[in-house]
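Subject: Structure for you to look at

Hello,

Here is the structure I said I would pass on. Please open it first, then read the notes below.

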Amino acid sequence: MHTLIAGPQQHTYLVARPGARRGVQLRAARYDELAAADAADALVPEWLVDAARKTWALDLAGRPVHGTVVVRARTRLNYSRATWELNKGCNFNCAMCYLAQRTFEGLPWSEKARLIDMFCEAGVLWLQFTGGEPTIDRDLLEAYAYAYERGMLLEILTNGSRLHRDDVLGTLMRMRPHKVTVSLYGASEEAADSLTRTRGSFRLVMKGLEAARAAGLPVEITLIITKHNEHEADAMRGIAREYADQFSEYGSISPTYDGQPDPLAAQSPCFLGGNTVFQGCPAGHTFFHVGPFGLATMCKIGRENPIDLMTTGVAGLLGLQALRHLPGLPPAGEGVPDREGTTGELLPTS
Ligand code: SF4
């Protein structure tokens, strides 16, 4: 199994290690050298051995590039990040869910694999599996393993209820995710189960968080604060500090993405987020979203004019890129500044 991923990213090239936050920036000539070494079955070049030692305390001396580094191909589409709603089905029934219907359906495995190839071809380095609840999809672990092998940094956005399972945990321990983001719906059974409208949901989430912590997985927690749990906000922050590397709070509830207002009834007026000035958005530019049947849109919320990737192939994404010229979107090509050899926190270009 590979140790590193190297590939183009906007105006530069990066080397990343799955599960590690730090990465290394390269110039094009170094990337070309690495790609040539991969094709020739040569050893990891000295400059990368040094960088891997300094950045991740890894010893790659004497190891071949092939099998150690996934060298991602250049791409004309140049995307960085995508979210993939594998399946809208969910084992919870949250009062504030932005999905109007949570149907248990999606692509068959062969089409999922074809879609993962398209993410690769589009240049996606950061891929988020989401839902519904992605862990309920029967192909999630196979899809995760295949995307990992293709050289992507993976995130699972989950309600945490199946994180404790041996098959899920085992896969994530063997193939480390970039992060696992768990939504927390309360600090007690009473509050959380009333928001999820699912008996036993809090107990399962805590079991998942315990298991993830014991396995040393990189966990982030999103606190979903509503009328059901606002009185437990401090206790929820306490759980987040105990179980996660980072956490964020989310109190501004959205209508369903097809415009139904029902989820807004759960919103707590005390926890509405402050308004910020719109600074532009990477949707359709460096980022896109794909639904359970391969329909690509600019983001999870704006689902107008979807492109059916299973019919168009990856070239269909050019249709999203045409929207780059809308007012407010940043110009194409904004991205990582050119600092050869520097290491730093590895964040998506958005
Ligand atoms: S866990 Fe997420 S997808 Fe499932 S019902 Fe709750 S908000 Fe919706």
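Two strands pair if DSSP finds at least two bridges between them. Helices (H or I, at least four residues) and strands (E, at least two) are DSSP runs, numbered from the N terminus. Please note that this is a predicted model, in which local features need pLDDT of at least 70 and side-chain atom pairs count only at pLDDT 80 or more, while totals for chains, interfaces and linings use all residues. Residues are numbered from 1 along each chain as its sequence is written, and side-chain values use heavy atoms, leaving out hydrogens and water.

The protein chain has 10 helices and 14 strands. Nine-strand order first: an open sheet of 9 strands runs E10-E9-E8-E7-E6-E5-E11-E12-E13, with mixed pairing. Strand E10 (246-250) and strand E13 (307-308) are at the edges with a single partner strand each, so one side of each has no neighbour in the sheet. Inside the order, strand E6 (residues 126-131) and strand E7 (residues 153-158) run parallel and are joined by 4 bridges. Trp 126 stands opposite Leu 153 in E7.

Next, the ligand. Around the ligand (a heavy atom within 4 Å) are residues including Cys 90, Cys 94, Cys 97, Arg 102 and Tyr 185.

Of the 350 residues in the protein chain, 55% are buried, meaning under 20% relative accessible area with a 1.4 Å probe, protein chains only. Cys 94 is buried at 8%, and Cys 97 is buried at 18%. The count of disulfides (cysteine sulfur atoms within 2.5 Å) is 0.

Regards

How values were computed
Buried means under 20% relative accessible area, exposed over 50%, partly exposed in between (1.4 Å probe, protein chains only).
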